[in-house]
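Try each task before reading its solution.

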Amino acid sequence: MTKLTDIRIDEATWATGSRERRLEWRVALREILEEHRFEASAPALAMLVTYRDGDVHLAGHSPEGERVLAIEVPRQAIVGHLDEYLSICKEMSKLGNAHAARYEALDIAKRLVHDDAADTLLGLCRVLRPDLSTCRRFFTLFVTLYVDTTRLAVPHHRR
């Protein structure tokens, strides 16, 4: 198994984030760092996540600084999952306390969309050979890169 030693967001993206958004990114990055499972070609990796022109790029480097993998996740590949996920979050935010059963149903639907997105990422990140849970964490990170989730009325994920 490959040990992830570090994961960061590129400086240009980081600079655009509010304090609250950077906190969201830190949480998502920490979850990936602490709870990842993948088997890349190197025993240890440091990863740089770059958000550019609507696409996410992952670059893995060995401890010596050699680039050992590059993955592009085009927005087009996950936009359907992203739109559906955010639509569910928006619907959840409209519900009051009297709609607990509907809220629970939407929460289940949100988790299923998250799983579907993770499954898509499994295919896109083949070179990393991640497990589904790691891909779920990557999708959480990608959601926070595409959308300022600090403005959502309903948290997009729970620890």
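**Exercise 1. A pair within one helix**

How many residues apart are Phe-138 and Phe-142 in helix H5?

Solution. Before starting, a word on the model: it is predicted, so local features need pLDDT of at least 70 and side-chain atom pairs count only at pLDDT 80 or more, while totals for chains, interfaces and linings use all residues. Residues are numbered from 1 along each chain as its sequence is written, and side-chain values use heavy atoms, with hydrogens and water left out.

Step 1. Find H5 at residues 132-146; helices (H or I, at least four residues) and strands (E, at least two) are DSSP runs, numbered from the N terminus.

Step 2. Phe-138 and Phe-142 are four residues apart, so about one helical turn separates them. An α-helix has 3.6 residues a turn, so residues three or four places apart point the same way.

Step 3. Check the burial: Phe-138 and Phe-142 are both buried, where buried means under 20% relative accessible area, exposed over 50%, and partly exposed in between (1.4 Å probe, protein chains only).

**Exercise 2. Aromatic pairs**

Work out how the rings of Trp-14 and Trp-25 are arranged.

Solution. Step 1. Start with the rule: rings of Phe, Tyr and Trp (its six-membered ring) pair if their centres lie within 6.5 Å, and planes under 30 degrees apart count as stacked, over 60 as edge-to-face and the rest as tilted. The count by this rule is four aromatic pairs.

Step 1. Trp-14 and Trp-25 are one of these pairs, with 5.7 Å from centre to centre and 40 degrees between the planes, which is tilted.

Step 2. This pair links distant parts of the chain, as Trp-14 sits in helix H1 (residues 11-16) and Trp-25, 11 residues apart from it, in helix H2 (residues 19-34). Both Trp-14 and Trp-25 are buried.

Step 3. Return to Phe-138 and Phe-142: their ring centres are 6.1 Å apart and their planes are at 35 degrees, so this pair is tilted.

**Exercise 3. Two helices against H5**

At what angles do helix H4 and helix H3 cross H5?

Solution. Step 1. Two packed helices are described by the angle between their axes and the distance between the axes. Axes here are lines fitted to C-alpha atoms, for helices over the stretch in contact, and angles run from 0 to 180 degrees between N-to-C directions.

Step 1. H4 (residues 100-124) and H5 have axes that come within 8 Å and cross at roughly 105 degrees. The two are therefore roughly perpendicular; angles under 35 degrees count as roughly parallel, over 145 as roughly antiparallel, 65 to 115 as roughly perpendicular and the rest as oblique.

Step 2. The H4 side of this contact (heavy atoms within 4.5 Å) includes Arg-111, Ala-118 and Leu-122, and the H5 side includes Leu-132, Phe-138 and Phe-142. By class, it has nine nonpolar, two polar and four charged residues. Ala, Val, Leu, Ile, Met, Phe, Trp, Tyr, Cys and Pro count as nonpolar, Asp, Glu, Lys and Arg as charged, and the others, Gly among them, as polar.

Step 3. For H3 and H5, the axes come within 11 Å and cross at roughly 85 degrees. That makes H3 roughly perpendicular to H5.

Step 4. Residues of H3 that meet H5 include Ile-78, Leu-82 and Tyr-85, and their partners in H5 include Phe-139 and Phe-142. Eight nonpolar, one polar and one charged residues make up this contact.
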